[in-house]
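Please consult the sequence and structure shown below while reading.

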Amino acid sequence: MCDYTGMSSHYDLIMTSGYYDYDSIVDHLVRFEEVGEVLEIGAGTGLVIERLAKRRPDLDITGVDLTSAMLQIAKKRLAAFPKVTTYLQNVVTLDLQSTFDLAFSYGGVWYFVPENDHFSMISHIRDEQANAEGLERISAHLKPGGRLLLGIQAPHHDYSRPVREKMEYSQRITPITDGFRKYYCLSDGDGQPLMEQTTDYRIYSFDAAIELLDKCGFEYRPSSGDDAPLFLEFGKR
Ligand SMILES: C[S@@+](CC[C@H](N)C(=O)[O-])C[C@H]1O[C@@H](n2cnc3c(N)ncnc32)[C@H](O)[C@@H]1O
């Protein structure tokens, strides 16, 4: 199980200081004018949902995440939005009393990174069977014709960068069987860690990812005409 408790209290600072471009993520999501019910998988502290709910107050938005400490922050952030609901759930056993027009994950459970002329899929879930179960649970929660959007982000590499005065974020990547281990660290001006987290990820080749998604009821819908796509799109069969 992939737990973000270690990072939760510093997550917003790290992510909103250039790690993800939340406004562009939401620019993409609001294009789907016809959808009414939306699910975010791995909603974290609610940074995407907050922006989406502001831009599209008509949407019913549900967020799920398995890390209680992340979801507590999301609940506070999202308390003012009456059409937003969050649940502490592992996507592998997802069980909600609703179905959705659109499910998405950005940096959440599954995402894609460019590799040569293709993409690899990265999963927070290490176990093959659990990946299939999670995707099947998503499919079961989508309405007929529903869409699944999985985010595209830059490949992981080692680096350090200042986050604010006297604080530095750094990450280190180490290969492991079928994936990589990522060490996240936020340190103070004296180099003392304020936050440390180590997370193991699984890597799927593009073909293996498409095959897995296909088995779980999703067909790949390659996009056309988007120079810098932020999501890959899959349709529920
Ligand atoms: C990098 S954060 C992304 C959060 C959010 N989407 C954002 O853009 O800020 C990944 C989140 O996925 C959650 N997560 C990982 N595996 C999960 C699973 N199996 N079920 C539900 N949530 C999961 C983690 O707890 C973490 O909050």
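Two strands are taken to pair if DSSP finds at least two bridges between them. By that criterion, strand S1 (residues 37-41) pairs with S2 in the parallel sense, with five bridges joining them. The model under discussion is predicted.

**The open sheet**

- Seven strands form an open sheet in the order S3-S2-S1-S4-S7-S13-S12, and the pairing within the sheet is mixed.
- Strand S3 (84-88) and strand S12 (218-221) each have a single partner strand and stand at the edges, so one side of each has no neighbour in the sheet.
- From one strand to the next, the twist averages 25 degrees.
- In the parallel pair of S1 and S2, Val38 stands opposite Ile61 in S2.
- Helix H4 packs on this sheet, where H4 touches S2 and S3. The direction of H4 makes about 165 degrees with that of S3, and since angles over 145 degrees count as roughly antiparallel, this one falls in that class.

**Strand S7 and its partners**

- Strand S4 (residues 100-105) runs parallel to S7, and the two pair over five bridges. Within this pairing, Phe100 has Leu142 in S7 as its bridge partner.
- Strand S13 (residues 231-236) runs antiparallel to S7 and is joined to S7 by five bridges. Here Leu150 has Leu232 in S13 as its bridge partner.

**Packing of helices H1 and H4**

- Two packed helices are described by the angle between their axes and the distance between the axes.
- For helix H1 (residues 5-19) and helix H4 (residues 68-78), the angle is about 30 degrees and the axes are 7 Å apart.
- Angles under 35 degrees count as roughly parallel, and H1 and H4 are therefore roughly parallel to each other.
- The contact brings Thr5, Ser8 and Tyr11 in H1 together with Ala69, Met70 and Ile73 in H4.
- By class, this contact of H1 with H4 holds four nonpolar and two polar residues, with no charged residues.

**Surroundings of the ligand**

- Which residues are closest to the ligand? They are Gly42, Gly44, Thr67, Val91 and His124, out of 23 residues that surround the ligand.
- Helix H3 (47-55) and strand S2 (60-65) are the elements that give two or more residues to this shell.
- The shell around the ligand comprises 15 nonpolar, seven polar and one charged residues.

**Loop residues with positive phi**

- Asn116 has a phi near 50 degrees, which is a positive value in a residue other than glycine. Asn116 is placed in the loop between strand S5 (110-115) and strand S6 (118-123).
- Is Asn116 buried or exposed? There are 7 other C-beta atoms within 10 Å, and the limit for an exposed residue is 12 or fewer; Asn116 is therefore exposed.
- Asp178, also a residue other than glycine, has a positive phi, near 65 degrees. Asp178 belongs to the loop between strand S9 (167-176) and strand S10 (179-188).
- Asp178 counts as partly exposed because it has 13 C-beta neighbours inside 10 Å.

Conventions. Residues numbered from 1 in each chain as written. Predicted model: local features only at pLDDT ≥ 70, side-chain atom pairs only at ≥ 80, totals over all residues. Axes fitted to C-alpha atoms, helices over the stretch in contact; angles between N-to-C directions. Helix = DSSP H or I, 4+ residues; strand = E, 2+ residues; numbered from the N terminus. Parallel < 35°, antiparallel > 145°, perpendicular 65-115°, else oblique. Contact = placed C-beta atoms within 7 Å. Nonpolar A, V, L, I, M, F, W, Y, C, P; charged D, E, K, R; others polar. Buried ≥ 20, exposed ≤ 12 C-beta atoms within 10 Å, placed from the backbone. Near = placed C-beta within 6 Å.
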